[in-house]
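Trainee: Could you take me through one part of this model slowly? I would like a close look at how charged side chains pair up.

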Amino acid sequence: MTRYLLRIASIAAALGLWQALTAYDVDVWLRFSQFPTVTDVARAFADRLSGPDYWTDLTDSLTRIVLGFVLAAVLGVAAGVLVARSRLAEDLLGPVLEVIRPIPAIALVPVAILLFPSNEQGIVFITCTAAFFPVLVSTRHAVRALVPVWEEAVRTMGGGRWRVLGSVVLPGALPGIFGGLSVGIGVSWICVISAEMISGQYGVGYRTWQDYTVVDYPGVFVGMVTIGVLGWVTSTAVELLGRRLTRWLPRTSYVPGARAPRTSRARSAAPASVPAHPVTEKAVPHDQLI
């Protein structure tokens, strides 16, 4: 409860500072007098919530994010596993992917306009491309970091290639995969908003840009707050799903500044070279270890 209260207090302090700087028109190098106050943004937010356009824009942006992100997750995980497990795939796909990867997804807007028959499909393509490469890279590194002994154990017990994939590769790489998914969902929001500003007809990004063109700055901040909240909700959902699917992993609760618990003098004084019996926890003589 104390941690939640601290988080609420930090948000309240940030809003209070924003209100004070804009209400008193503080101009110290940064021109806060040009910003709308918190109360202005709150009134504009209430007006948007009562109209149908806000919910239409919200639905359109969420639909584009879900479609593009799901496609990126499926393709990114499949391509990452394939490149990490196959030398032929790495030689054929690796150079092409590495050349395309540094290109910002928003720079592909002209390509999407020329390639796809509708702007809607082009925006989904840009969203998918933005999330694809973080998922690909994280999956590739996670698969390559797996311990070879696990795969050898499955093959020793008669498991084939698909058994290794389902029992070792995918479960072992899940933490790294969800790390890439968490990064990908954030990048997707950045690119989908930018794509909506350039070629969209509806959506949060499109509405935010329209408010800027008509000098409706409270409306611009309504769009910014909406984007931030949506990004936080979707990123939290991905993180919770990852924790659910990797609940078999050992969890450690890290407390900054906390010391490790002390062990008893008798246990700490026992020689490390003499193992303990699994049942009686007594020292086993060295001549009986063999």
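Mentor: Happy to! Keep in mind that this is a predicted model. Now look at how open each residue is. Arg 140 has a relative accessible area of 14%, so it is buried, since buried means under 20%. Glu 98, in contrast, is partly exposed, at 32%.

Helices H6 and H4 also hold another pair. The side chains of Arg 144 and Glu 90 form a salt bridge of 3.0 Å, again from N to O. Arg 144 belongs to helix H6 (residues 119-144) and Glu 90 to helix H4 (residues 87-100), and 54 residues separate them. Here Arg 144 is partly exposed, with a relative accessible area of 41%, and Glu 90 is partly exposed as well, at 33%.

For some context, turn to another part of the chain. Arg 48 and Asp 211 meet in a salt bridge of 2.7 Å, N to O. Arg 48 sits in helix H2 and Asp 211 in helix H9, so the pair ties together parts that are 163 residues apart in sequence. Asp 211 is buried, at 7% relative accessibility, while Arg 48 is partly exposed, at 21%. These two residues and Asp 216 are linked in a network of salt bridges. The count for the model comes to twelve salt bridges.

Conventions
Residues are numbered from 1 along each chain as its sequence is written. This is a predicted model: local features need pLDDT of at least 70, side-chain atom pairs count only at pLDDT 80 or more; totals for chains, interfaces and linings use all residues. Side-chain values use heavy atoms; hydrogens and water are left out. A salt bridge is a side-chain nitrogen of Lys or Arg within 4 Å of a carboxyl oxygen of Asp or Glu. Helices (H or I, at least four residues) and strands (E, at least two) are DSSP runs, numbered from the N terminus. Buried means under 20% relative accessible area, exposed over 50%, partly exposed in between (1.4 Å probe, protein chains only).
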